[in-house]
Amino acid sequence: MDNFRHINFRRGMRYSRYFDSLCMNRSKPLLTRVLITFLLLFSTGAGAELSFSGPPVQGGMITGKSTPGASVTVDGVPVRVSGEGYFLVGFDRDHSATSLVEVRYPDGRSESRMLNIEKRTYDIQRIDGLPQRKVTPEKMDYERIRKEAAAIKKAREKDDPRTDFLNGWRWPVEGPISGVYGSQRVLNGEPRRPHYGVDIAAPVGTPVKAPADGIVTLAHPGMFFSGVTLVLDHGHQLSSSFLHLNKTLVSVGDRISKGDIIAEVGNSGRVTGAHLDWRMNLRDARIDPQLLVGAMPNQAGDRNKTKIN
Ligand SMILES: [Zn+2]
């Protein structure tokens with residue numbers, strides 16, 4: 001958890017300040033620090049036109065701001081840029097040490113920025129007591145699993161010009177965090193894929209609130225692994241997925257506002273107990289929702305409180 005505090009502390013910092021904090025530790029002579037500052041500010045030639053906010057860390061996402069009409073590539077791949085010049089850059093769980101952002105402005109000038117991606121370490125999480133068929137599916141399950149994975153992929157692939165992601169994030173459910181992003185999973189003693197969501201323990205029926213504005217792109221009544229599943233599209237191929245629900249309360253195509261009740265917490269699919277599994281995907285990258293939303297409110301000291309009813 002130390003790692004998280006470390007990252008949260010930097011959340012929302014301008015990238016340049018983040019970079020400063022890495023480069024400019026106290027041990028460096030003043031002249032070196034001044035020189036680094038100078039390079040940061042002027043090496044790109046047009047520094048004021050390109051800025052980033054958010055932590056450049058594995059599992060993280062940063063929002064870039066260029067100018068209207070600019071085109072942007074990330075590691076050579078073109079990404080959507082909003083009318084105001086906003087674009088998103090995401091870093092998968094095991095992203096390499098750098099990422100190259102290149103911007104071409106409408107007047108023909110171009111600018112590039114090499115981002116240094118902070119490496120994270122991940123825990124191993126052992127979960128026992130799952131139905132064995134959910135850990136090692138039977139042959140007859142494969143076709144269903146394949147179809148459901150394709151449906152989720154299709155829902156997450158929508159590339160909508162909306163910029164719902166600019167208005168900040170809230171927790172969809174409040175409660176103890178029972179699983180974190182990136183942890184290596186050992187299910188019933190067998191190594192499996194890492195966990196890509198944040199799990200929040202809450203009783204069946206607890207309302208799930210939209211963490212940000214979006215449009216519903218999938219509402220499935222029951223998938224093999226993820227049970228009742230909902231996908232909310234925030235624009236620019238950034239989506240939230242909610243797994244193991246009791247039921248969904250919205251339909252595909254619905255326009256949702258941040259805070260709207262969209263579903264109920266459940267224990268459907270491959271689970272050992274009721275919780276919400278919240279995942280985020282940006283294009284091909286799996287994003288850690290905890291890095292965007294910040295600390296869970298009202299948790300510290302909760303165990304000392306007495307329930308009245
Ligand atoms: Zn989970």
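1. Basis. The model is predicted: local features need pLDDT of at least 70, side-chain atom pairs count only at pLDDT 80 or more, and totals for chains, interfaces and linings use all residues. Residue numbers start from 1 along each chain, as its sequence is written.

2. Strand β12. This strand spans residues 197-201. Strands here are DSSP runs of E with at least two residues, and helices are runs of H or I with at least four; both are numbered from the N terminus. Four of the five residues in β12 are buried, so the strand is mostly covered. Buried means that 20 or more other C-beta atoms lie within 10 Å of the residue's own; exposed means 12 or fewer, partly exposed is in between, and C-beta atoms are placed from the backbone.

3. Partners of β12. Two strands pair if DSSP finds at least two bridges between them. Strand β9 (residues 177-179) pairs with β12 in the antiparallel sense, over two bridges. There, G179 has D199 of β12 as its bridge partner. β12 also pairs with β19 (residues 275-282), again antiparallel, over five bridges. In that pairing, A201 stands opposite H275 of β19. As background, strands of a sheet pair through backbone hydrogen bonds, either parallel or antiparallel.

4. The three-stranded sheet. This sheet is open, with the order β8-β10-β11 and mixed pairing. β8 (124-127) and β11 (190-192) are the edge strands; each has a single partner strand, so one side of each lacks a neighbour in the sheet. Neighbouring strands are turned by 30° against each other on average, direction ignored. Axes are lines fitted to C-alpha atoms, for helices over the stretch in contact; angles run from 0 to 180 degrees between N-to-C directions.

5. The β10-β11 pairing. Strand β10 covers residues 184-187 and pairs with β11 in the antiparallel sense. Three bridges link β10 and β11. R185 has R192 in β11 as its bridge partner.

6. D75. Check the backbone here. D75 has a positive phi of about 50°, yet it is not a glycine. D75 sits in the loop between β3 (71-74) and β4 (77-79). D75 counts as partly exposed because it has 13 C-beta neighbours inside 10 Å.

7. H244. This residue also has a positive phi, about 65°, and is not a glycine. H244 is found in a strand, β16 (residues 238-248). H244 counts as buried because it has 25 C-beta neighbours inside 10 Å.
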